[in-house]
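Work through the following exercises with the structure open. Each one is followed by a stepwise solution.

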Amino acid sequence: MSEKGLRAAQQKMVARGVDQNAINVFSHYYRELEAGATGLIPEESIVPLTQVESLESAQVSPQQAREAIQKTVYIKLNGGLGTSMGLDDAKSLIPVRDGKTFLDIICEQVRSVRQEWDAKLPILFMNSFRTRESTLKALQSHPDMKVDGLAVDFLQNQEPKLTVGALEPVEWPADPTLEWCPPGHGDIYTALLGSGLLQKLLNAGYRYACTSNSDNLGGYPNPHIAGWFAASGAPYAAEVCARTPADRKGGHLARRKEDGQLILRDTAQTPKDQMHFFTDEHRHPYFHTNNLWFDLQVLADTLKERKAVLGLPLIRNKKNVDPTDPASPEVYQIETAMGAAIQSFAGATAILVGRERFLPVKTTADLALVRSDVYELTGDGRLVKNVQRLPLVELDPRYYKTIRAFEQRFPHGIPSLKHAELFSVEGDWTFGPEVVISGERRFGKEGSPGKVRR
């Protein structure tokens, strides 16, 4: 073991003021990394999950739903920057509908549930050191989000990026902030513990947490699911959706052969020569939405018992220290996935939910869809589709990848897609006002740059 590299990383974290629990967790994964752990989960070690209880068939009374949501806290993962769309700020601050950002709509969802179900429903944003300042500034427009004297956010931990060869903290004087990275959203459990929020929530009488990504407006705090989760007695539950050919890259749940425990497997954890198993929607018929529910008391007890180390599978992420410079030194980022915690709790379960619970925005093509007329933003902050089948949107990344380029080419908004099956754009096209797309429409590179008007 390279005690030198580990010791240097630990000292760097101490100097940075990182919580000791986070240092303990980092040290655990450092040792795994040095021992050669890859986090791979071979197909032969698991049994596909082929049957899941559906929310549609779950028997939950209004009283059960009310009692459960009154004991629930809502957590949004908000550490991600919109870098894939050309931004360097929190993705949750991107306008989605009617000038409202993800954050604005999330707050509307919280208000609606609070009013209808007489629930306090605290909202907590897990920010990274890069998203905190702008998010807290935006939340000043929503002062009612703060309840019971609880903070409206907590910080994801930081850890050093490690040189690929020596596994030592990288040094990058050109921009020292690039020497640090978040440990993946699996850090949520460590961050809740280290911030003191976990105990504060328990002291205030909260028992359950509902967690989802800030770019997924479908993952709102559903009282019906809260009632089901409370009645199940499970320590942890994941929401899954029925898989289609379009969902082949999404992570899935499976049972570990050696003990029958539910686990999560993502693309990065699948051997390359077994990807045909991973992408087979018939073999693995459900995908993981990253909408999670967990029992706060069980989490606190488990973290105490395991000295903050839940033992989630390592994700070894190789990158350049400066992501914008492929010539910069290669580094390892030690990460874990929040959903992988399902393997850490005996009795963990899953619930099959409708596709409306999964509306992530990872690309400008996703953003075009949620901004279009195939969805309606309701008064309670939910995006409801008003078509039977969503169209497929494909935008040429050479011209539409960044928000700025995307909006320049749709200066009058997204064309009507209510009657579309496919909206595919290759090349440099700009769309005028009142454009309607019907059936399958492909805009090819020939003749571009071009303009499309009504």
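**Exercise 1: a helix pair**

Helix 3 and helix 8 are roughly perpendicular to each other. The model is a predicted one.

Task: state the angle and axis distance at which helix 3 and helix 8 pack, and derive the orientation class.

Solution. 
1. Helix 3 covers residues 62-69 and helix 8 covers residues 223-232.
2. Their packing angle is about 90°, and the axes lie 7 Å apart.
3. Angles of 65 to 115 degrees count as roughly perpendicular, therefore helix 3 and helix 8 fall in that class.
4. Helix 3 contributes Gln64, Ala65, Ala68 and Ile69 to the contact, while helix 8 contributes Pro223, His224, Ala226, Gly227, Ala230 and Ala231.
5. Sorted by class, the contact holds seven nonpolar, three polar and no charged residues.

**Exercise 2: two domains**

Task: describe the interface between domain 1 and domain 2.

Solution. 
1. The domain assignment gives domain 1 as 1-357 and domain 2 as 364-452.
2. Their centres, taken over C-alpha atoms, are separated by 30 Å.
3. In contact are 16 residues of domain 1 and 15 residues of domain 2.
4. About 1300 Å² is buried between the domains, with 61% from carbon and sulfur atoms.
5. On the domain 1 side, Met85, Val96 and Arg97 lose the most area, together 41% of what that side buries.

Notes:
Residues numbered from 1 in each chain as written. Predicted model: local features only at pLDDT ≥ 70, side-chain atom pairs only at ≥ 80, totals over all residues. Heavy atoms only, no water. Axes fitted to C-alpha atoms, helices over the stretch in contact; angles between N-to-C directions. Helix = DSSP H or I, 4+ residues; strand = E, 2+ residues; numbered from the N terminus. Parallel < 35°, antiparallel > 145°, perpendicular 65-115°, else oblique. Contact = heavy atoms within 4.5 Å. Nonpolar A, V, L, I, M, F, W, Y, C, P; charged D, E, K, R; others polar. Domains from an automatic or database assignment. Buried area = accessible area lost by both parts, 1.4 Å probe.
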